[in-house]
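This report walks through one protein model for a reader who meets it here for the first time. Please keep the sequence and the structure in view while reading.

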Amino acid sequence: MSMKQKQTYPEYTEKGVRYMMCQCGEYIPVDESAVGVKCSREVTRKMMIMFPELHEEKPRRKSTGRPAGWHFMNEFVDADGNVFHKGKEQPKLKGTLSPTKVKPKKKTKRRTKEQILIDRHKKKKAALKKAKLSGN
Ligand SMILES: [Zn+2]
């Protein structure tokens, strides 16, 4: 049985600066007390392995088909008939209710500056009309 050897990092010193090799082969300046080194890429890679959820590009809930805030709803029934009361699953009720209809998110069109002005004008006009109607 052999003890696992302590990993040593290749290093060199140039102009008084100590450089140590990362496992990817990159030399990184370190201070004198350093016993190992990891470049930022390695750190990122390690973090991705340890916390993959931090690096997912899209939130997972998109794939569930559940609306935002579904777990705050008094009752929510998903497409499979799972019933939730304020986000808490109610296994006994499974399949007894029809799925909550999820309103598709309206795509909000970005208004152009012109459109904003037109809308503002319309609003003003409507307000004036209303004021005229209510006045004597
Ligand atoms: Zn590296």
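F51 lies in the loop between α1 and β4, where helices (H or I, at least four residues) and strands (E, at least two) are DSSP runs, numbered from the N terminus. This is a predicted model, in which local features need pLDDT of at least 70 and side-chain atom pairs count only at pLDDT 80 or more, while totals for chains, interfaces and linings use all residues. Residues are numbered from 1 along each chain as its sequence is written, and side-chain values use heavy atoms, with hydrogens and water left out.

With a relative accessible area of 32%, F51 is partly exposed; the term buried stands for under 20% relative accessible area, exposed for over 50%, and partly exposed for values in between (1.4 Å probe, protein chains only). F51 also belongs to a nonpolar surface patch of about 450 Å², which is made by V43, M47, M50, F51 and L54. Patches are made of residues with over 30% relative accessible area and no salt bridge, with like charges joined within 9 Å and nonpolar side chains (Val, Leu, Ile, Met, Phe, Trp, Tyr) within 5 Å. The accessible areas come from the Shrake-Rupley method with a 1.4 Å probe, and for residues only the protein chains shown count as cover.

**The zinc ion**

Which residues are the protein donors of the zinc ion? They are C22, C24 and C39, each through its SG atom, lying 2.2 Å from the ion. Donors are N, O and S atoms within 2.8 Å of the metal (3.2 Å for Na, K and Ca), and since water is not among the atoms, sites may look incomplete. Along the chain the donors follow the spacing C-x1-C-x14-C. The structure holds 0 disulfides, a disulfide being a pair of cysteine sulfur atoms within 2.5 Å.

**Salt bridges**

The structure holds 4 salt bridges, each defined as a side-chain nitrogen of Lys or Arg within 4 Å of a carboxyl oxygen of Asp or Glu.

| R18 | E11 | 2.6 Å |

In the bridge between R18 and E11, R18 is buried at 15% relative accessible area, while E11 is partly exposed at 40%. R66 is partly exposed, with a relative accessible area of 23%, whereas D78 is buried, with 6%.

**Strands and hairpins**

Strands of a sheet pair through backbone hydrogen bonds, either parallel or antiparallel, and two strands are said to pair if DSSP finds at least two bridges between them. Strand β1 (residues 11-14) runs antiparallel to β2 and is joined to it by 4 bridges, and the partner of E11 in β2 is M20. These two strands, β1 and β2, form a hairpin with 2 residues between them, and K15 in the turn has a positive phi of about 50°.

Strand β2 is also joined to β3 by 4 bridges, again running antiparallel, and M20 stands opposite I28 in β3. The hairpin of β2 and β3 has 5 residues between the strands, with G25 in the turn at a positive phi of about 100°.

A further open sheet of 3 strands has the order β4-β5-β6, with antiparallel pairing. Its edge strands are β4 and β6 (88-89), each of which pairs on one side only. Between β5 and β6 there are 2 bridges, and H85 has K88 in β6 as its bridge partner.
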